[in-house]
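Please look at the sequence and the structure shown below, and keep both in view while you read. The report that follows goes through a few places in turn.

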Amino acid sequence: MTDQPPTHTPRSLIVTFYGAYGRGTADAPAGPVPVSALIRLLGALGVDAPSVRSAVSRLKRRGLLVPGRTSGGAAGYGLSDAARQLLDDGDRRIYGRAPARPGHGWLLAVFSVPEQERHKRHLLRSRLARLGFGTAAPGVWIAPAHVHEETRHTLERLGLAAYVDLFRGNHLGFEPTAEAVARWWDLESLACQHRAFLAAYEPVLRRWSRRRPVRVEEAYRDYVLALDSWRRLPYADPGLPSGLLPEGWPGGRAQRVFAGLHSRLRDAGERFVAGVLA
């Protein structure tokens, strides 16, 4: 399998922008972002105005963005409550989650969906996969136990909890756990995703490590593009214990590269966004 470079879509970049800069705080949520500002902010990432408007319309239909007015009366879009919760959940994975430790055990999700509701079966499988679950057997999915709270919250939010039983436990055999893990997850595919991120962003981190002073628009662009690529990885890769992974696993290195870009660029990008919104 070849390492494909990360790709970006207007819709994904808009979600990434709101996750990085469009939320405010729990006590003071950010208001709507004016459409004109959103077009300029996405323009800095190479997205043209028609593509921004089309992506915003799709996100509005999905219930992630809601229309509103800024304090100055301009038309804009802010995050729905569901979108804020989704982004808050994602923070725990995206920004520095530690790998699982072997003694913490496993979470099993066992589900059964009636044939007349088979569309929910597809939704359930796709959500478990996006939470980082591997497949232990038909209808039996497995993940490190540390994803329990997020899994429970996600299934309840989507109305899928009634179809699933969750169990915690240890792997007791008969094959070595490392060999079982290689069956439950496609580790080579995960490794390729990490290597693709490293190929794209390790040079970016080296460049910024040498650069002074920081140009805020360039910092914003490089940070949002890196975050847009990175935020998928902690979902595909559930943070398996390092002792169960192949030698030379690239996940830790990829996480360190993203952490380096985050520490160097995030605040400079915020200054650029503040200037556009002023």
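Leu42 lies in helix 2, where helices (H or I, at least four residues) and strands (E, at least two) are DSSP runs, numbered from the N terminus. This is a predicted model, in which local features need pLDDT of at least 70 and side-chain atom pairs count only at pLDDT 80 or more, while totals for chains, interfaces and linings use all residues. Residues are numbered from 1 along each chain as its sequence is written, and side-chain values use heavy atoms, with hydrogens and water left out.

Leu42 counts as buried because its relative accessibility is 0%; buried means under 20% relative accessible area, exposed over 50%, and partly exposed in between (1.4 Å probe, protein chains only). Not counting residues up to four places away in sequence, Leu42 touches Leu13, Ile14, Val47, Val52 and Tyr220, where contact means heavy atoms within 4.5 Å. The C-alpha atoms of Leu42 and Arg221 are separated by 9.0 Å, although these residues are 179 residues apart along the chain.

## The nonpolar cores

A nonpolar core is a set of buried Ala, Val, Leu, Ile, Met, Phe, Trp, Tyr and Cys residues joined through side-chain atoms within 4.5 Å. The largest one here has 50 residues, and those with the most contacts inside it are Ile14, Phe17, Tyr18, Leu42 and Tyr220. The elements that give two or more residues to this core include helix 1 (10–21), helix 2 (35–43), strand 3 (75–79) and helix 11 (251–277), and helix 11 gives the most, with nine residues.

Phe17, leaving aside its neighbours within four places in sequence, is in contact with Gly22, Val33, Leu38, Leu41, Tyr220 and Val273. A second, separate core of 15 residues includes Leu128, Leu131, Phe133 and Leu155.

Three strands form an open sheet in the order 1-3-2, with antiparallel pairing; two strands pair if DSSP finds at least two bridges between them. Strand 1 (33–34) and strand 2 stand at the edges with a single partner strand each, so one side of each is left without a neighbour in the sheet.

Strand 2 (residues 65–69) is joined to strand 3 by five bridges, and the bridge partner of Gly68 in strand 3 is Gly76. Two bridges join strand 1 to strand 3, with Pro34 standing opposite Gly76. In the hairpin of strand 2 and strand 3, which has five residues between the strands, Gly73 takes a positive phi near 90°.

## Two arginines in helix 5

Arg121 is placed in helix 5 (residues 118–130) and counts as buried because its relative accessibility is 18%. Its side chain reaches the backbone oxygen of Val113 at 2.9 Å and makes a polar contact with the side chain of Glu115 (3.4 Å). A polar contact is a pair of N or O atoms within 3.5 Å; within protein, one must be able to donate a hydrogen and the other to accept it, and residues adjacent in sequence count only if both atoms are side-chain atoms.

Arg130 is also found in helix 5, but it counts as partly exposed because its relative accessibility is 48%.

## The kink in helix 8

In helix 8, a kink of about 35° lies at Tyr201, shortly before the proline Pro203; the bend at a residue is the angle between axes fitted to the seven residues ending there and the seven starting there.
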